[in-house]
Amino acid sequence: MPADLYPTTQPPDSTYPVKATRNNASGTDSELLDRMKVREICEGWGCYRDAAEWRNYRSMFHNDAYIATSWKQGPIDDFIKASKEGFEKGSSFMYILHRIIGQTVDIQGDRAVSKMKVTITCRFTFDGIEMDNEADCRFFFLLEKRAGRWGDKMVPVVPDKTFAIPEEEARKYPSGYRYLAWCESKISQPPKMDLNSHGPERDILYAKCKDWLEGKKVQPNLTGKDVVDY
């Protein structure tokens, strides 16, 4: 029997933030308002970025914020610069759109964690053929209130035009986003390799979310493999 590429299991109890409030099961009306504020901030990710509303997008982040996506990792201003350059490259890069599906928010004191479900559509052009990669994923936001602020697939764009992806090459990449990673590698944008929600990376990230809510320092993992230390 072939190995399951997409195992889904309950996160370890040790990664559960027991003191956080969430989903109206606990907490106060003011905490509910804070969760709505967090949600509005997080939804701005796709709404502002996809429309190149960079001033609005930048307003979502503190100055020391950092971002780690499959194609770019680094401080917020470096990410915005790279995104602008991507738009300027046009079809030689990739057109990226985000469809926001829903999210959950945990709050503990002046810190919050949002887990937002998103479908990312990236349009690539290979050998003159337009293809859409669609990757279902989750965005994790680690937020702090300061001074009161708070799997995938390829779809042909033209139905009778197809592009063959070498499966032996695609298998080198994480199962949850292997075709997106393959496409990014082909436009000279080496993908981040430890974002798979079906591997041990998920539990490492959950542990970091718990540490963040409890006021601990969280080490950003902007390159390479993360470290199992929980």
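The largest share of the lining of the second largest cavity comes from helix H6 (201-213), with four residues. A cavity is a set of points, on a 1 Å grid over the protein atoms alone, where a 1.4 Å probe fits but cannot get out. Lining residues have an atom within 4 Å of a point. Helices (H or I, at least four residues) and strands (E, at least two) are DSSP runs, numbered from the N terminus. The model is predicted, with local features needing pLDDT of at least 70 and side-chain atom pairs pLDDT 80 or more, while totals for chains, interfaces and linings use all residues. Residues are numbered from 1 along each chain as its sequence is written, and side-chain values use heavy atoms, without hydrogens and water.

The second largest cavity holds about 30 Å³ of space. A volume here is the space filled by probe spheres set on the points, and grid points are joined across faces, edges and corners. Its lining includes Thr-15, Asp-106, Tyr-206 and Leu-213. Strand S4 (111-126) also gives two or more residues. By class, the lining has five nonpolar, one polar and three charged residues. Ala, Val, Leu, Ile, Met, Phe, Trp, Tyr, Cys and Pro count as nonpolar; Asp, Glu, Lys and Arg count as charged; the others, Gly among them, count as polar.

The largest cavity has a volume of about 50 Å³. Arg-49, Ser-83, Gly-86, Phe-87, Phe-93, Met-94, Tyr-95 and Ile-96 line the largest cavity. Helix H3 (76-89) and strand S3 (95-108) each give two or more of these residues. H3 gives the most, with three. The lining divides into five nonpolar, two polar and one charged residue.

Definitions and conventions. 1 Å grid on protein atoms, 1.4 Å probe; cavity = no way out; pocket = protein on both sides within 12 Å on 5 of 7 lines; lining within 4 Å.
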